[in-house]
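Open your viewer and get ready to click along. This tour tells you what to select at each stop and what you will find there.

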Amino acid sequence: IDVNVVPIFGQTDLPINYIVLLYDITEIRRLEKVRTDFVANVSHELRTPITAVKGFAETLLDGALEDEEVLVEFLTIIYNESSRLDTMVQDILQLSKLEQRKITSAAERVRVTEVIEEIKTILLQKIELRKIQFKVKEPEPLEIEIDRDQLKQVLLNLIANAVSYTHDGGEVTVYVRQIGHEAVISVKDNGVGIPKDQQSRIFERFYRVDKARSRNVGGTGLGLSIVKWILENNNGRITLKSEVKKGSDFTVWLPFKQINNTNGD
Ligand code: ADP
């Protein structure tokens, strides 16, 4: 608690009364801690790829340049690690804009399955390489009013995770439907699953169940935080059901700003 004492003066030089102000600064302190933790985490996370880039470049400069095979191998690592850095910086910037609500959004009528098809195209190479069976189920045509790019980002992050954290030959299914006054989009996989005690933590910045695995699949640990913030800014929410070795079901709930189906305006 912060205390501030303000004297009240009458006719004379001596105060005739005092006002005591008590400030509850718990929340301010908490926010400060969140911020300093974030800076510490960012520095730590950025250091890993930077160390790799520096180390491999140094080794090349020290003479490994002659062997062409080694050269290609090291340059590939340098390229991949700098791509990771790039993605991470973009994610960090986006997250900070979202948290400060500095993202402008332009709502339009969006057919959800169209966005899913675009995402499928983006991920196609990975889906085919890993022999993932990707299915979309939509009993009724569903449209919602939302910023298209933001919806795409949410679904891309969830579907990319489902593909990444599923074994080769696994299944990823997206269900699109209406329940009450909400559009409900579930991204289900039959992959590695998430332990119960970590299910709420995975929405925190940089939190990963398995760091090595996340890094291998190119993850930054920021995807789900971005999802959570976009949904919060759109009056939506996300729920999770998951069981280790059985798979996960991330379900997005969004209010229809205007309702749905067929023609009409
Ligand atoms: P990352 O870039 O590491 O994927 P995310 O914020 O998207 O970061 O996810 C945080 C962590 O949650 C992941 O590292 C992973 O451990 C876990 N996770 C996310 N989606 C899934 C999923 N579909 N199946 C299993 N684990 C998941």
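Predicted model: local features only at pLDDT ≥ 70, side-chain atom pairs only at ≥ 80, totals over all residues.

Residues are numbered from 1 along each chain as its sequence is written, and side-chain values use heavy atoms, with hydrogens and water left out.

**Stop 1: the ligand**

The shell holds 21 residues, and the closest are Asn161, Ser214, Thr220, Gly221 and Leu224; a residue counts as near if one of its heavy atoms lies within 4 Å. By class, the shell has ten nonpolar, eight polar and three charged residues. Here Ala, Val, Leu, Ile, Met, Phe, Trp, Tyr, Cys and Pro count as nonpolar, Asp, Glu, Lys and Arg as charged, and the others, Gly among them, as polar.

Now colour helix H4 (148-164), helix H6 (223-233) and strand S9 (247-255): each of them supplies at least two residues of this shell. Helices (H or I, at least four residues) and strands (E, at least two) are DSSP runs, numbered from the N terminus.

Next, pick out Asn161, where a polar side-chain atom lies 2.8 Å from an oxygen atom of the ligand. Move to Asp189: one of its polar side-chain atoms is 2.9 Å from a nitrogen atom of the ligand. At Val209, a polar backbone atom lies 3.0 Å from an oxygen atom of the ligand. How much of the ligand does the protein bury? Taken alone the ligand exposes 530 Å², and the protein buries 97% of that (areas by the Shrake-Rupley method with a 1.4 Å probe).

**Stop 2: the largest pocket**

The ligand sits in the largest pocket, where "sits in" asks that more than half of its atoms lie within 2 Å of the pocket's grid points. A pocket is found on a 1 Å grid over the protein atoms alone, as an open set of points where a 1.4 Å probe fits, with protein on both sides within 12 Å along at least five of seven lines; lining residues have an atom within 4 Å of a point.

This pocket has a volume of about 1200 Å³. Select its lining of 42 residues, of which Asn161, Ser164, Tyr165, Val217 and Gly219 lie nearest its centre. H4 gives the largest share, seven residues. The lining has 17 nonpolar, 17 polar and eight charged residues.

**Stop 3: the second largest pocket**

Here there is about 660 Å³ of space. Of the 21 lining residues, Val34, Arg35, Phe38, Glu99 and Arg205 lie nearest the centre. Helix H1 (26-64) gives the most, with nine residues. Eight of the lining residues are nonpolar, four polar and nine charged.

Definitions and conventions:
Polar contact = N/O pair within 3.5 Å; in protein donor to acceptor, adjacent residues only side chain to side chain. Points joined across faces, edges and corners; volume = space filled by probe spheres on them.
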